[in-house]
Amino acid sequence: MSHNTIGHLFRVTTWGESHGPAIGCVVDGVPPRLALTEADIQPFLDRRRPGQSKFVTQRQEADQVRILSGVFDGLTTGTPIALHIENTDQRSKDYSEIAERYRPGHADITYDLKYGIRDYRGGGRSSARETAMRVAAGAVARRVLGPDVRIRAALVQVGEDQVDRAAWDWSAVDENAFFCPDRAAAARWEQRLLELRKSGNSVGAVIEVVAEGLPPGLGAPIYGKLDAEIAAALMSINAVKGVEIGDGFAAAALTGEGNADEMRMNPDGTVAFQSNHAGGILGGISTGQPVVARFAVKPTSSILTPRASVDRQGREVEVQTKGRHDPCVGIRAVPVGEAMLAIVLADQLLRHRAQNPDAPSVARLPRN
Ligand SMILES: Cc1cc2nc3c(=O)[nH]c(=O)nc-3n(C[C@H](O)[C@H](O)[C@H](O)COP(=O)(O)O)c2cc1C
């Protein structure tokens, strides 16, 4: 059984565990002659990297990416691109406690029930360490999408506290430790997370991901719909418990009148959508409007207060996380969400071009 690969024509396979010597991925299907160096990938990894603020885990990883294959003279060759990151902060602590006990909210129990063996050091393969490779592959996907496609994400909710959409400023996102587009919300979250960190507790979050500059036509009905693949890709991120496209669950509270994305013509002959409740996707196909998705991340499971659990022998025990603690894993999920959207879009773009090479790159009607 092989389920470590995502994509059809742009294909990413990741490998590695939290405390193995290294993690890596193979990105296959990348078109030749695209400019690509390690410096194009590293900034995205630096945004996901742990230990950058007091609000995320203090594990110190350099996360230095190396391109092992598929690039020659700064250009992709069309052959598999292997990317590699060494694990440098695998603390050689004693893991015997969690080797036998299952941490509530973690994959310890399900890996053991399914496989009967697991690498318990730092969660092994189930650790979000693997998401570093998604981010690296996402940087390659952005190259495939080209400079006209812009993919950005922001943290829009921490616990019950949401951003004020009227105060949304993309330039604020890289100014605070939370990737928050609303400066006042970022200040409130700072207070909240400091308190949570002190008390050893944690909180969930919602992330919004937006892709702009996409051509219409991406998406492969019926079982490769763009919204379905985005949902699956975002849901595959650790700790994600919900995904919405466009208005998502809020659409259920609208009427048909309120939800209609009405259409008019632009002077240049392209279609002008008057709103975007659909999140840029109709019938599983991109409209050319921004693609908008949101995903909910549960509170960090490893908290400092003891929680009831069981061990491998069926004894009732308590589990308590000691040491490094992350009060909101939603923060570090922001660059991971961008990467997953980029990977799905790059794959869908190549599939769209393969089936329909003459399709227009803007929302122009066939008989106009
Ligand atoms: C970027 C990122 C970092 C994470 N770091 C932690 C962490 O430090 N502690 C923790 O308890 N969970 C962390 N998680 C979540 C766990 O990996 C996840 O909850 C666990 O593997 C069980 O999988 P599930 O929640 O998807 O069912 C992180 C998730 C992401 C996306």
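Student: Is Trp-189 buried or exposed?

Tutor: Please bear in mind that this model is predicted. Residues under 20% relative accessible area are classed as buried. Trp-189 has a relative accessibility of 1%, so this residue counts as buried.

Student: How is a pair of aromatic rings described?

Tutor: One gives the distance of the ring centres and the angle of the planes. Three aromatic pairs are present in this structure. In one of them, Trp-168 and Trp-170, the centres are 5.2 Å apart and the planes stand at 70°, so the pair is edge-to-face. Trp-170 is partly exposed, at 22% relative accessibility.

Student: Which arrangement do the rings of Phe-178 and Trp-189 adopt?

Tutor: Their planes are at 85° and their centres 6.2 Å apart, so this pair is edge-to-face. Planes over 60 degrees apart fall into that class.

Student: Which parts does this pair tie together?

Tutor: Phe-178 belongs to the loop between β9 (161–162) and α5 (183–199), whereas Trp-189 is in helix α5, so the pair links parts eleven residues apart in sequence. Phe-178 is buried, its relative accessible area being 1%.

Student: What is a disulfide, in general terms?

Tutor: It is a covalent bond joining the sulfur atoms of two cysteines. This structure holds zero disulfides.

Note on methods
Residues numbered from 1 in each chain as written. Predicted model: local features only at pLDDT ≥ 70, side-chain atom pairs only at ≥ 80, totals over all residues. Heavy atoms only, no water. Phe/Tyr/Trp six-rings, centres within 6.5 Å; stacked < 30°, edge-to-face > 60°. Buried < 20%, exposed > 50% of the residue type's maximum accessible area, 1.4 Å probe, protein only. Helix = DSSP H or I, 4+ residues; strand = E, 2+ residues; numbered from the N terminus. Disulfide = S-S within 2.5 Å.
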